[in-house]
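Open the model in your viewer and keep the selection tool ready. The tour goes stop by stop.

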Number of protein chains: 2
Amino acid sequence: MRRLLDAAALEFGEKGFHDTSISGITARAGTALGNFYNYFGSKEELFRALVQDMSARVGERARGALSPGLGALETERAALLAFLGFASEHQEIYRIIDEAEFIDPASFRLHYETTANRIAERLRAGEDAGELRRGMSDVHAWAIMGMNVFLGLRYAVWANGEDLEQVTEAANAMISEGIRSKS
Amino acid sequence: MRRLLDAAALEFGEKGFHDTSISGITARAGTALGNFYNYFGSKEELFRALVQDMSARVGERARGALSPGLGALETERAALLAFLGFASEHQEIYRIIDEAEFIDPASFRLHYETTANRIAERLRAGEDAGELRRGMSDVHAWAIMGMNVFLGLRYAVWANGEDLEQVTEAANAMISEGIRSKS
């Protein structure tokens, strides 16, 4: 199962949904074609499982980078850095999630709603702890998610040797303190 | 030409690239099939022209909302509000730009690079004017673009009656002042 998902991520990432074949995936996974059908009924079903798997792994990676001792803004910094690391290692995630908009719109939407809800929960906890301004809302969560997704596209997928720690630092300073000059 | 582009935007937006036909576009535009070939050699060529047209119109709408008297942060607010308005009226823009990632990757990338450059120029002008912190960079531009794109997806395309002015205000306050509690 894991081998099929990993092979599928690479095949879909390289070729896109339409040009990927089940036999190409099983060949890449080094398993028999029959093995595929023990797990999935069709290419569509595998694709849906893959989107959910990728979505879950992004979430796990973010959670794994957090710890109870971190403040609310350090938490957002750690989550972004973890995401940029994941996207660097799994550049295919962009093509797969983005193609889900066309192949499996419900999974596409669920991925972003779930991610935004996770961020919104963290922001509200930070507000309750007095670390963040009053009025944290879904707007802030969607804004931060969009920022993270596009920084990943530019600096992890279309990367040009930029330092991901510096990228994270600049973005985190922007959401923490804002960009208005204080002088 | 304009009628063909407008009809194509609606057809591609509803059906996606693969299920859209040239005859469907000309029927929707109310023109003869032969007229299509006066302007475009193929469905791919029309799609590329449409992505560039949409990209240019988003840029024009943003520019049209700006004025020399606005400060740097008011400028970002006006640009976001203009974009949310455009996305509300042209929800098909998301499917078209997003599908360009697969159908015409060069146009997809050019659209975001052009948009980010426009934002980066504005931010550097604001820095030069002493309104924004020192060190405005492409990271800030990509972060703000990502924020704007995802707020458009959530509040213009997947809208649920939210007030776009309030959405804009919350996002603009976040990038202006940050979300760290000052108390």
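Start with W142(A). Leaving aside neighbours within four places in sequence, W142(A) contacts Y112(A), E113(A) and A116(A) in chain A, and F150(B), L151(B), L153(B), R154(B), Y155(B) and W158(B) in chain B. Keep in mind that this is a predicted model.

Now show the largest nonpolar core, which has 117 residues. Which members touch the most others? They are W142(A), L151(A), W142(B) and L151(B). In soluble globular proteins, nonpolar side chains tend to be buried together.

**The interface**

Colour by chain. Here 45 residues of chain B are in contact with 45 residues of chain A. The area buried between the chains is about 4400 Å², and carbon and sulfur atoms give 68% of that. Select F150(B), W158(B) and I179(B): they supply 18% of the area that chain B buries against chain A, more than any other three residues.

Next, superpose chain B on chain A. A rotation of 180° with 0.0 Å of shift along its axis does it, at an RMSD of 0.0 Å. The two copies are thus related as by a two-fold rotation axis. The copies meet through the same surface, because 100% of the interface residues of chain B are also interface residues in chain A.

Two salt bridges are counted between the chains. For a pair that spans both chains, select E177(A) and R180(B); their side chains meet in a salt bridge at 2.6 Å, N to O.

**Salt bridges within a chain**

Over all chains the count is 32 salt bridges. Select D104(A) and R48(A), whose closest N and O atoms are 3.5 Å apart in a salt bridge. D104(A) sits in the loop between α6 and α7, and R48(A) in helix α4, so the pair ties together parts 56 residues apart in sequence. D104(A) is buried at 9% relative accessible area, whereas R48(A) is partly exposed at 38%.

Go to chain B. R28(B) and E11(B) form a salt bridge, with closest N and O atoms 2.8 Å apart. This pair ties helix α2 to helix α1, 17 residues apart in sequence. Is E11(B) buried or exposed? E11(B) is buried, at 5% relative accessibility; R28(B) is partly exposed, at 36%.

Stay on helix α1 and pick R2(B) and D6(B), four residues apart and separated by about one helical turn. Their side chains meet in a salt bridge at 2.9 Å, N to O. In chain A, select R2(A), D6(A), D53(A) and R57(A), which are linked in a network of salt bridges.

**Last stop**

Select residues 21-40 of chain A. An unreviewed UniProt entry annotates them as "DNA-binding region". The stretch is 75% helix and 0% strand, with its end C-alpha atoms 13 Å apart.

Methods. Residues are numbered from 1 along each chain as its sequence is written. Chains are lettered from A and ligands numbered from 1 in the order in which they are written. This is a predicted model: local features need pLDDT of at least 70, side-chain atom pairs count only at pLDDT 80 or more; totals for chains, interfaces and linings use all residues. Side-chain values use heavy atoms; hydrogens and water are left out. Copies are superposed by least squares on the C-alpha atoms of residues with pLDDT of at least 70 in both. Contact means heavy atoms within 4.5 Å. A nonpolar core is a set of buried Ala, Val, Leu, Ile, Met, Phe, Trp, Tyr and Cys residues joined through side-chain atoms within 4.5 Å. Buried means under 20% relative accessible area, exposed over 50%, partly exposed in between (1.4 Å probe, protein chains only). UniProt positions are given in the numbering used here, feature names are shortened, and annotations may be inferred rather than shown by experiment. Helices (H or I, at least four residues) and strands (E, at least two) are DSSP runs, numbered from the N terminus. Buried area is the accessible area (1.4 Å probe) that two parts lose on being put together, summed over both. A salt bridge is a side-chain nitrogen of Lys or Arg within 4 Å of a carboxyl oxygen of Asp or Glu.
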